[in-house]
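Biologist: Let us go through this structure one question at a time. Please show it first.

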Amino acid sequence: MRSPVHRAVTRRPQGGLAHGPLPSVKQLQQEHDVGRDTVLRAIDVLRSEELVFTVPRRGTYVSPDAK
């Protein structure tokens, strides 16, 4: 059984992404060939796990505490 598509997007920060900004929603859509809602759901999952934080009008960043 395949895992939900948003899990593919959520693996990115856990896979050793340097601390800093995530790509834009549009870039993540294109990279993973998924819809906008899927990317937003993935970001919500990462935010709830405190792996990323969002700064309004600036972007989403990997949390300094993320391993």
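**Helices, a hairpin and a ring pair**

Biologist: Which pairing sense do strands E1 and E2 have, and how many bridges are there?

Modeller: A caution before the answer: this is a predicted model. Strand E1 covers residues 52–55, and strand E2 covers residues 59–62. Their pairing is antiparallel, and the number of bridges is four.

Biologist: Which residue in E2 is the bridge partner of Thr54?

Modeller: E1 and E2 form a hairpin with three residues between them. Arg57 lies in the turn and has a positive phi of about 65°. Across the pairing, the bridge partner of Thr54 is Thr60.

Biologist: Which side chains of E2 point to the buried face?

Modeller: The side chains alternate along E2.

Biologist: Is Tyr61 exposed or partly exposed?

Modeller: Buried means under 20% relative accessible area, and exposed means over 50%. Tyr61 has 23%, which lies between these cut-offs, so Tyr61 counts as partly exposed.

Biologist: A search of the whole structure finds one aromatic pair. Why is the pair of Phe53 and Tyr61 called stacked?

Modeller: The ring centres of Phe53 and Tyr61 are 5.7 Å apart. Planes under 30 degrees apart count as stacked. The pair is stacked because its planes are at 25°.

Biologist: What is the relative accessible area of Phe53?

Modeller: Phe53 counts as partly exposed. Its relative accessible area is 36%.

Biologist: How many residues of the contact of H2 with H3 are nonpolar?

Modeller: H2 contributes Val25, Leu28 and Gln29. H3 contributes Arg36, Val39, Leu40 and Ile43. One residue of the contact is polar and one is charged, and the number of nonpolar residues is five.

Biologist: What pattern does the protein chain follow along the sequence?

Modeller: The secondary structure comes to three helices and two strands. Read along the sequence, the pattern is α-α-α-β-β.

Biologist: What percentage of the residues in the protein chain is buried?

Modeller: The protein chain has 67 residues. Of these, the buried ones make up 30%.

Key. Residues numbered from 1 in each chain as written. Predicted model: local features only at pLDDT ≥ 70, side-chain atom pairs only at ≥ 80, totals over all residues. Heavy atoms only, no water. Contact = heavy atoms within 4.5 Å. Nonpolar A, V, L, I, M, F, W, Y, C, P; charged D, E, K, R; others polar. Buried < 20%, exposed > 50% of the residue type's maximum accessible area, 1.4 Å probe, protein only. Pairing = 2+ DSSP bridges. Phe/Tyr/Trp six-rings, centres within 6.5 Å; stacked < 30°, edge-to-face > 60°.
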